[in-house]
Structures are given as structure tokens and as C-alpha cells.
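Hi,

Here is the structure I promised to pass on. Have a look at it first, and my notes follow below.

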Amino acid sequence: MNQMQPFDPSQYMPAPTDQRNSVTAQTMTGRQAQEVQMMMLAAKQFPRDLNVAYANIMKACSRKILAETAMYEYPRGGQKVTGPSIRMAEVLAQNWGNIDYGVVELEQKNGESSMMAYAWDLETNTRQTKIFTVKHERKAKGSVNRLDDPRDIYEMTANQGARRVRACILGVIPGDIVEAAIKQCEITLKSGHKEPLSDRVRNALVLFEREFSVSKDMIEQYFRCKVDAFSEQDFLKMGRVYNSLKDGMAKREDYFDIKATHDVGARAEEQFKQQQQAQGGVKPDAGAEQQ
């Protein structure tokens, strides 16, 4: 069992540049140290009841809305990587109790932010910390766009930080508790739907098209079968893919052959136009006739 040691937030603070900043940093450090000491004292006075915490987690995982967003899935190196999502990790921490977690921006300069994500079990003094750098840029369509809008920078750093917070939370909560929560979410998804599978698949297709511009054909190509033949397992997998895209764990290109799908659509459209012209249904442009 780890020995309780006072936490010194100053080790994560950037070096002050002048005396005014130094006074401010010292004030912040002292306030944070006091807050941490109070939280540790409260955790010792009111320790978690393991049975109650476990029951609360199982109850939360019995909610269909949480179960639908509990897992992510994305391909890597020819294999599929799955795990609890950010939403799932947050629910685990909230119901496990006496856990302090979050993400802090330590410094921002030269077009990048130094960040710290952490999760700390205040009872056992088990702590996970990850310090990382987020560049203020976004890659899109093969080009890199620099970010200068404070809102865009915040959204970028928050998104990157949430992934590290998830890993930190899962590092301090016992693994058997996490596995039990995952199994309960799977049971909820299989038995908690009242609408038919075909309706759920159709609604999911609408979400993929609207939010990520992923068509029905692209999904069928990824699953290697028609959506009409989807099973409950296929629907669950479809949900994990959606959660991965929504949380930023993966990109469309990780699942779908975007270029090939576009090429097929372009060829089909061209063939359709030629067929219509041959049947007289579509006349060539006036400019083409004059040429």
C-alpha cells in the first residue's frame, strides 16, 4: 500500500517570468495544496463503501443511454482495439467516489499547449498523471491549418485532454470493476431496446451520414454485408465505431475507404448520365452543341 505523501502542485507549474507572476503562482500553489489536503482528509473520514459503489456502477450501466456510448472500437495494425469510452470512465469515477480527476493547461506558447491529465484515488493514494503537448493545428484533407481562435484552441486541447483523463481514470479503478461494468452495458444493449433492429440500424445510418458524411455503401463495405442482414452484434459494433468517431479516438479513414467509395460513386453517376443521354432523357449542354 502506497504511503500517503503530500502532493506538491508546484512541480507541475511553469516557471514564473517575473515577480508578479511568481506571487500569483505561489498563491495558486498554496490554495491547491490546501484543497488537496481537505479532499484527502474528507476521503479518510468518509471512505467509500465498496458494495454501494459497485451497485451504483451497475445501476448506471443499466441505463440504455449510457450503454450506447460506453465503448469505442477502431482498427489498428490489422486488429480491432476496443475499450471503455470517455463517458464510461467519467461514470465509473463518479460512482466509485473519492477520486479527483481532470486536465490542466500548464503553459501555452509557440503555437502549442503543455497539458497535464490526472486521476487520483484519494483513499489509496494511487495516482496516474500524463503530461503531453498539443499543437495548435488541425489536419484536414492533407493540409495543416494553424489555429488562432481561442475557442478552437480550447476545443482541441480539451479533446486531447479527455482521452488522457480516460486512461488515467481507468488506471486507478480496479480492473475487475471496469470489466463488470462493460458486461453490464452489453446486457443492457441486448435487452434494453424496444424498437426493432431494422429501425435502430436505419436511425444509425442517418446519424453516420449527417455527422460524419459516411454513406450506407461505405458502412456495408466495412461490415462486408448488407445492412438488411445486420445482427445485434453488428449493431453493437456499429455503435462502437460511432462512439470512436464522436470522441475523436479515430478518423473516418481508419474504417472506411473514402477514396474508393467516391470513385465508385463518380463512375456510377457518369454512367447514369451517359445512359440518360443515349435514351434522349438528358440533352447535352448548349455550349457542348456549339463546339
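Before the strands, one definition: two strands count as paired if DSSP finds at least two bridges between them. Keep in mind as well that this is a predicted model.

With that in place, in strand 5 the bridge partner of Met 115 is Phe 132. That contact belongs to the pairing of strand 4 (residues 112-121) with strand 5, which is antiparallel and runs over 10 bridges. The sheet itself is open, with 3 strands in the order 3-4-5 and antiparallel pairing. Strand 3 (99-109) and strand 5 (126-135) each have a single partner strand and stand at the edges, so one side of each has no neighbour in the sheet. From one strand to the next, the twist averages 15°.

Two helices meet this sheet. Helix 4 (residues 86-96) packs on it, touching strand 3 and strand 4, and its direction makes about 130° with that of strand 3. Helix 5 (residues 150-172) lies across strand 3, strand 4 and strand 5, at about 155° to strand 5.

Now the rings. I get 8 aromatic pairs. One of them is Phe 223 with Phe 230, a tilted pair at 4.8 Å centre to centre with 50° between the planes; both residues are buried. Tyr 255 and Phe 256 have ring centres 5.9 Å apart and planes at 45°, so this pair is tilted, and both of these residues are buried.

Cheers

Methods:
Residues are numbered from 1 along each chain as its sequence is written. This is a predicted model: local features need pLDDT of at least 70, side-chain atom pairs count only at pLDDT 80 or more; totals for chains, interfaces and linings use all residues. Side-chain values use heavy atoms; hydrogens and water are left out. Rings of Phe, Tyr and Trp (its six-membered ring) pair if their centres lie within 6.5 Å; planes under 30 degrees apart count as stacked, over 60 as edge-to-face and the rest as tilted. Buried means under 20% relative accessible area, exposed over 50%, partly exposed in between (1.4 Å probe, protein chains only). Helices (H or I, at least four residues) and strands (E, at least two) are DSSP runs, numbered from the N terminus. Axes are lines fitted to C-alpha atoms, for helices over the stretch in contact, and angles run from 0 to 180 degrees between N-to-C directions. Contact means heavy atoms within 4.5 Å.
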